[in-house]
Structure formats: C-alpha cells, structure tokens
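The points are grouped by topic and are meant to be read beside the sequence and the structure.

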Amino acid sequence: MTASSSAQLVGHFARGEQQRPSSARTLPLASPVDGAALGELAVADAAQVDAIVQGAHEAFQTWGRTPVKDRVQPLYRFKALVEKNLRPLAEMVSRENGKTVDEGAAGIQRGLEVVEYACSVPALIAGDILEVANGVDCYTRRFPLGVVAGITPFNFPAMVPMWMFPMAIACGNAFVLKPSEQAPQTPLLIAELLAEAGLPAGVFNVVQGDRETVEAVLDHPLIRACSFVGSTPVAKIVFQRGSASGKRMLTLGGAKNHVVILPDADPELVAKNLTASATGCAGQRCMAASVALGVGNCDAIVDAIAAEMRKVRAGFDMGAIINPRSRDRITGYIDRAESEGATLIVDGRNPALPEEKRGGNYIGSTLIDRLAPDSNCVQDEIFGPVLSVLRVGSLDEALAIENRSPYGNAAAIYTSSGAAARYFEQHASAGMIGVNIGVPVPRDPFAFGGWNDSKFGIGDVTGKDAIGFWTQTKKTTVKWTTNAARSWMT
Ligand code: NAD
C-alpha cells in the first residue's frame, strides 16, 4: 500500500491502477493537523470522467454476469487487508482530515461492518417465486444497474465510501467514487487494497475533483445511480441534477441534532456522553450533539458538562478542523453568540496548542448557555465542537423546538423514564433516535439515514435498502404446461 507523498500530484484510480496524474486544473492539499503541504490534487474534467466511466462500463460487462457468490469473495479478502493495514489507513485519515488516529481507525472499523454485511449479499439478494395461476409461476430476480457512483464528504474519508461501494459492488455494479477534494488520498489506499484483494480492474474507480467533476458525474449518461453524502444545500442540488439526467438518486445532507435532558437523567452519563458526542472528530460529524435541551433546572448538569468539556483539549485529545475557512466560520458563530448576550461557559477560541501543531486549524470545545431559540447557533449546522444549551420548561417544549428544525438526522433523550423515552421516540422528527446514547448510529444490519432536509430520496444508504437501491428486478412469468388453466395470461 503506497500513499502519495507531499509535492506529488494526487490523481485518479481507474482500470485497476493509479492513473498517471495529468490535469489542466489542480487544487492544493494541506494537512489540517499542522498545515503541512500534501501535494496537489488533479481535478477531473468531463473528458476525464468519461474515460473513467467507459473503463467501468467495460468492467461491468463481465462483473455484472459474475455469480454473486463469486462477487463477494474479494470483499472477504478486502476486509482482512483493511484490518491488516488499519494503522496506516487511520494515519492517512488523520493526516488529511485532521481527526485523531484513533478516531480514524474507529471510522474505518464502522465501515468494515458494511463490508461484512455486503459479504452476506448472496443470502439477501435472492428473489421470490410463486405459482400465480394453475401451472403458471412468477419469479423475481435482481440485476445490477451498470455503472453507479458515490460522491462523498471530507469528514469520513473511508467510512462514508464504505457505506456505498461494498453493497454496490456485491450487487454486481461497477463503481465510480468521487471523494471529497479535501481528503482524496484515503480512497486511493482503499482502491489499492481492493485491487490487492482481487477485485477485477475497472470495478472500483476513483475520480478526483470538485464541483466541475461532480457535475460531469451527474450528467454522464452511462451512470445509472448515484449516492451522495454531504451538506444539505449541495445534497439538494445534486439530487435535482442527477434526477434530471434520469439517475436513481439518494442524497444525504447535513444535520442539527438535539439532545433532551430530563431532570431524572444520570448527570455523569449525560456529561460524558454529550461531551464525547459534541467534541468527537472536533464536532465534524453529522451525528454530533449540537443543541442540549435541558428540561427544568439543569444547572448541575450544565456544570457537569462544562467540567467534562474543559478536559478535552484541542491538538491533544481533540483533532483539527478541516480548513482555516471552516475554523473561522465556527469561531464566527461563537463571536455572534457572545455579542448577542449568550453565556460562554467554555470558550474554545484561541486554544493553547502543542508547538508542532501551531500551523493547524484548531478550536477547543465550546459550551454556550442562555441562547435565544432563534439564534444562529441554535438554528444552523455549525459542524464544530460547539454545544449550545437551551433551557425549557417541559418535554413538549423541547420536542417543539426539535420539530421546528429543518433537519432531522438524529435526536436523543436522557432519562430514566421508559414512558418519557417512548413519547420522545414517537414525537421527535428525526430518522435516528437515541435513548441514553449520544451518537445513535444504527449499526449494521440496521440502516443509516435521517429525515427532512437531512436526506433526499427514498430508502436508506445502508442496510437492506441498499440492495433495492443498487439493483433492479426482473419479473418473469413461466408456463411449461399446455394443461395450465386458461386465464387472461394464457
Ligand atoms: P460538501 O457538501 O461541501 O461536499 C460534499 C461533496 O460534494 C464533495 O465531494 C464535494 O466535492 C461536492 N461538492 C461541494 N460543493 C458542490 C457543488 N456546489 N456542486 C456539486 N458538488 C459539490 O460537504 P463537506 O463539507 O465535505 O462535508 C460536511 C457535510 O456533510 C456536513 O453538512 C455534514 O453534516 C454532512 N454529512 C452528512 C452525513 C449524513 O449521513 N447525513 C454524513 C457525513 C457528513
């Protein structure tokens, strides 16, 4: 497994190998950890996208007809290779994304759960058969679509692609990944491991680039389906453009996750969980706790959260923000909350950093209290290690605030009352619900996916829905006997 070193041009992976990079346009790459240059990224234009899609289409001619039990064999070997190379992969995630190496490894391990699930596709993909009239059988079989694509964000450079390609490939498609231009090297390492695992050339491809490249992918007539994960404004644009060119689309967007704390919640559990949820990956997770809704007098719980948050130090236990622009955007939210009269209980601006990380992009954990419900900190996706507290009088008031959010990825409640938890689960407007858990990711075989402006399209990105998304069914009606009953079908 080889990674590009600094000063290199980072390119595409197609026809089973890294392509010699050549590009009219490039983007500079820098590590969020310390600001070190990581080379230049080649941006694919429409002609380069087309060349890669044509290679995938050629590969599909054989791969699509390969029996499913054979198609999953490279995925078993890929899983073993990823486990063997976990450390270098996690180090690459950390280097280009800024999260800690342990967080990088955790994301890869969650992604491997989808690989495991994809290995069971032979057991999941079988069709149905039924005698529908005397002597007449009807059966269904699932077929791959052809060339399909995935477009992914910076925050999980290994895991989010793994939500998509293992199932797509196991279902018989050839896959083109357009990773984030901010974390493009981890997917190249994944491509190399898939090749080493024996996946035929052209079945998995990486095309690098930004908006121009995405548009070429969305407009390409040979690409039949596209899964996207990223921010809500882009998810909407991508859904519409891909749908307009006749593609099957599923696009996951951003989030603003609310956590309700009832007076009967365990304060220590709340403080530890909310801190981990809000500050893990420096808050750059679509499942991060963002607004804490304290019901009743929650002074003691807010003090306990503050004590935990002060222990998490940027550049030591907590990783970096992806780029200086995002760091400034996040500090802008904190500045505004302060100027609006909110109480900054823990202020993460200008954190003290270790010497070697002073060139990186860091914000310390931040806890803001006494915000107005309509303030930007409460309404917008901040995507940084910032937790906003709102004090409310009742569970219904908390739910009303949660329900008003245009997003709907996750919502959680901390309580020792089963009845209150069930009421919350019934009335929260979100696709993923946590009870006494701060990051309620539904692990495989359960599917990942939000509601409202956190997702556009039908079904979820992982779990059984993925089989429906990456395949099409053929319905065949068969009669082998002339004695079959006469009916409208005969
Ligand atoms: P982003 O929307 O900026 O980028 C995502 C992808 O879209 C990238 O590959 C990028 O190159 C491409 N892109 C960016 N602008 C585009 C445009 N105008 N037209 C076409 N393509 C464009 O997202 P990001 O900053 O990389 O990732 C963070 C966002 O992703 C957050 O909003 C986060 O909540 C979200 N996210 C959501 C989930 C989920 O499951 N719902 C998971 C992870 C991340």
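**Helix 1**

The residues of helix 1 that are buried are Val49, Ile52, Val53, Gly55, Ala56, Ala59, Phe60 and Trp63. Because they span an arc of only 155° around the axis, they lie on the same side of helix 1. The model is a predicted one.

- Helix 1 runs over residues 46–63, which makes 18 residues.
- From first to last C-alpha, helix 1 reaches 25 Å, close to the 26 Å expected at 1.5 Å a residue.
- The exposed residues Ala47 and Thr62 sit on the face of helix 1 that is turned away from its buried side.
- Where helix 1 starts, a side-chain oxygen of Asp45 comes to within 3.2 Å of the backbone nitrogen of Ala47.

**Nonpolar cores**

- In soluble globular proteins, nonpolar side chains tend to be buried together.
- The largest nonpolar core here consists of 72 residues. Within this core, the residues with the most contacts are Phe78, Trp163, Phe175, Phe204 and Trp470.
- Helix 7 (residues 159–170) contributes the largest share of this core, 10 residues.
- There is also a second, separate core of 40 residues, and Val291, Leu293, Ile330 and Ala411 are among its members.

**Ligand surroundings**

- The ligand is surrounded by 26 residues, of which the closest are Lys178, Glu181, Ser231, Gly253 and Glu381.
- Helix 9 (211–219) and strand 11 (223–229) each provide at least two residues of the shell around the ligand.
- Lys178 has a side-chain N or O atom 2.8 Å from an oxygen atom of the ligand.
- At Thr152, a polar backbone atom is 2.9 Å from an oxygen atom of the ligand.
- At Gly230, the distance between a backbone N or O atom and an oxygen atom of the ligand is 3.3 Å.
- The ligand taken alone exposes 840 Å², and the protein buries 89% of that.

**Met249**

- Met249 belongs to strand 12, which covers residues 248–252.
- Met249 has a relative accessible area of 7%, and it therefore counts as buried, the cut-off being under 20%.
- Met249 and Ala225 are 24 residues apart along the chain, and their C-alpha atoms are separated by 5.9 Å.

Definitions and conventions:
Residues are numbered from 1 along each chain as its sequence is written. This is a predicted model: local features need pLDDT of at least 70, side-chain atom pairs count only at pLDDT 80 or more; totals for chains, interfaces and linings use all residues. Side-chain values use heavy atoms; hydrogens and water are left out. Helices (H or I, at least four residues) and strands (E, at least two) are DSSP runs, numbered from the N terminus. The expected span of a helix is 1.5 Å times one less than its number of residues. Buried means under 20% relative accessible area, exposed over 50%, partly exposed in between (1.4 Å probe, protein chains only). The arc is that of the directions from the helix axis to the C-beta atoms. A polar contact is a pair of N or O atoms within 3.5 Å; within protein, one must be able to donate a hydrogen and the other to accept it, and residues adjacent in sequence count only if both atoms are side-chain atoms. A nonpolar core is a set of buried Ala, Val, Leu, Ile, Met, Phe, Trp, Tyr and Cys residues joined through side-chain atoms within 4.5 Å. A residue is near a molecule or strand if one of its heavy atoms lies within 4 Å of it. Accessible areas come from the Shrake-Rupley method with a 1.4 Å probe; for residues, only the protein chains shown count as cover.
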